[in-house]
Amino acid sequence: MSAPRAPTEARPPRMEALARLPVFYALAHKRAVVAGGTPAAAWKAELLSAAGADVEVFATEPSDEMAHLAGDPPGGAVVLQLRAWRPEDFAAAAIAIGAIEDDAEAARFAAAARAAGVPVNIVDKPALSDFSFGSIVNRSPLVIGVSTDGAAPVFAQAIRAKIEAMIPRTFARWADAARRWRAAVKSSGLPFAGRRKFWQIFTAHAVTHPGAEPADADFAAFLAATRAQGAAVEHGSVTLVGAGPGDPELLTLRAVRALQSADVILIDDLVAPGILDFARREAKKMLVGKTGFAPSCKQEEINALMVSLAKAGKRVVRLKAGDPMIFGRAGEEIAACREADLAAEVVPGISAAQGAASQLGISLTHRSLARRVQYITAHGAGGKLPRDIDWTSLADPSTTTVVYMPKRTLAELAARAIARGLEPTTPAIAVIAATRPEQAVIRGIIADIAGRLDHAAPKGPVLVMIGRALTQSTGSVGMEEAARSDSWSPMQGRRVS
């Protein structure tokens, strides 16, 4: 039996180094200084005006673009001063932009701005600049900036184009509606948890109806839906989320949304660290792992912690490797929530078996090789092989069997299956850390797969697949070659034989 272990808080990793700090500067009705009359200067002046700044441009020969902008600014006024800049021009300015070719002149402009306490940007001269402009996705008041610190502007533009394609322009209407309705929500009499629920309902509707025009009727409907939940809105929530087998790109969109809205995340040991990159940074993360033959948290303690946090009004995500409904004790946790009058939502995940089969190019139910697929666990009470395995089913040559948690009991399972009629040369594949960068594969037959696995002594999660369908595996070896080989190989993003 494994030793008991208490739930522990997982400290989030420190923020990795940032080339630039992304900030959004409020410029409405503030003074901005621009030196230069080139088209590049006109574009920067247009951005400043669009942000509401009153822009003063110093240029002896303004371009046609600058003259046109001054006559038709998008926001704040753009005033042309047909002369060179002077140090006193920085008085009361909030920001300064210089579109100046001459390096010495650009350096003087930057120094004068700093002497006046004004942050400065020199176009195409990052060494002289306090800040930089990124590529912008404008769905104002939803605004997204993309920067590569000047290293690859074309790459930043390509990323912006991708984001532009993903976010409908009509999202701007919903972002503006949120701004208009915020004060009304705050004064609605809803408690904090109720206001948060209102915005969850608002967001779900906006995401699924981006093209609709927000109306007062929507506000009333969202408010009514929130109030209809009555006392339940005061409670938190519990969501069981499948993290998939390891590759973060296999997370579902619904799983990502749950992670990004969580207050507390209860994490299994087998969850790949990269999955937490998608979680809300402010969420409290707690390790409540259950690992075979190692210190593990008791299920009763996990249930109690989960329920108590939700009762305190927290949005709790129970993050489980693979799919929570496959050997994940989800049934016990759902029952604990129901007993506490808490609704439990389940977000399915890609199972380890699905991930492993996809990596190897195997159809577990290939119509010429298998009629059904079954998942079994090799880890029963006390860590021993379960006594209620259907050996007749396991020995059926038309079945593909996926064995979870087989490390300690695979030899016994294989021997008993063969004794019950399973052909000893039936293909068997052990997959370690499926879909992760360190994924490794051991190929063999049911008669020798346990020995091969013991020889490899893998540290990560393991599953074993058994059946004729495994002959589809890309680069799979023949039975004679498999019987001779005793090696295992890290996948490192490629298939091995």
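In this predicted model, helix H6, which spans residues 192–208, packs against helix H7, residues 216–228, at an angle of about 130 degrees, and their axes lie 9 Å apart. Because angles over 145 degrees count as roughly antiparallel and those of 65 to 115 degrees as roughly perpendicular, this value makes H6 oblique to H7. The crossing of the two helices, H6 and H7, is right-handed.

From H6, the residues that take part in this contact are Gly 194, Lys 197, Phe 198, Ile 201, Phe 202 and His 205, and they meet Asp 218, Phe 219, Phe 222, Leu 223, Ala 225 and Thr 226 of H7. Sorted by class, the contact of H6 with H7 comprises seven nonpolar, three polar and two charged residues.

Helix H10, made up of residues 330–339, can be read in terms of what is buried and what is exposed. Its buried residues are Ala 330, Glu 333, Ile 334, Ala 336 and Cys 337. When one looks down the axis of H10, these buried residues fall within an arc of 155 degrees, so they line one face of the helix. On the other side of H10, by contrast, Gly 331, Arg 338 and Glu 339 are exposed.

As for what covers the buried residues of H10, the elements include strand E9 (237–242), helix H9 (299–311), strand E12 (315–320) and strand E13 (344–347). Following H10 in the chain comes Asp 341, whose phi is positive, near 60 degrees.

Definitions and conventions. Residues are numbered from 1 along each chain as its sequence is written. This is a predicted model: local features need pLDDT of at least 70, side-chain atom pairs count only at pLDDT 80 or more; totals for chains, interfaces and linings use all residues. Side-chain values use heavy atoms; hydrogens and water are left out. Axes are lines fitted to C-alpha atoms, for helices over the stretch in contact, and angles run from 0 to 180 degrees between N-to-C directions. Helices (H or I, at least four residues) and strands (E, at least two) are DSSP runs, numbered from the N terminus. Angles under 35 degrees count as roughly parallel, over 145 as roughly antiparallel, 65 to 115 as roughly perpendicular and the rest as oblique. A crossing is left-handed if the near helix is turned anticlockwise from the far one by less than a right angle, and right-handed if clockwise. Contact means heavy atoms within 4.5 Å. Ala, Val, Leu, Ile, Met, Phe, Trp, Tyr, Cys and Pro count as nonpolar, Asp, Glu, Lys and Arg as charged, and the others, Gly among them, as polar. Buried means under 20% relative accessible area, exposed over 50%, partly exposed in between (1.4 Å probe, protein chains only). The arc is that of the directions from the helix axis to the C-beta atoms.
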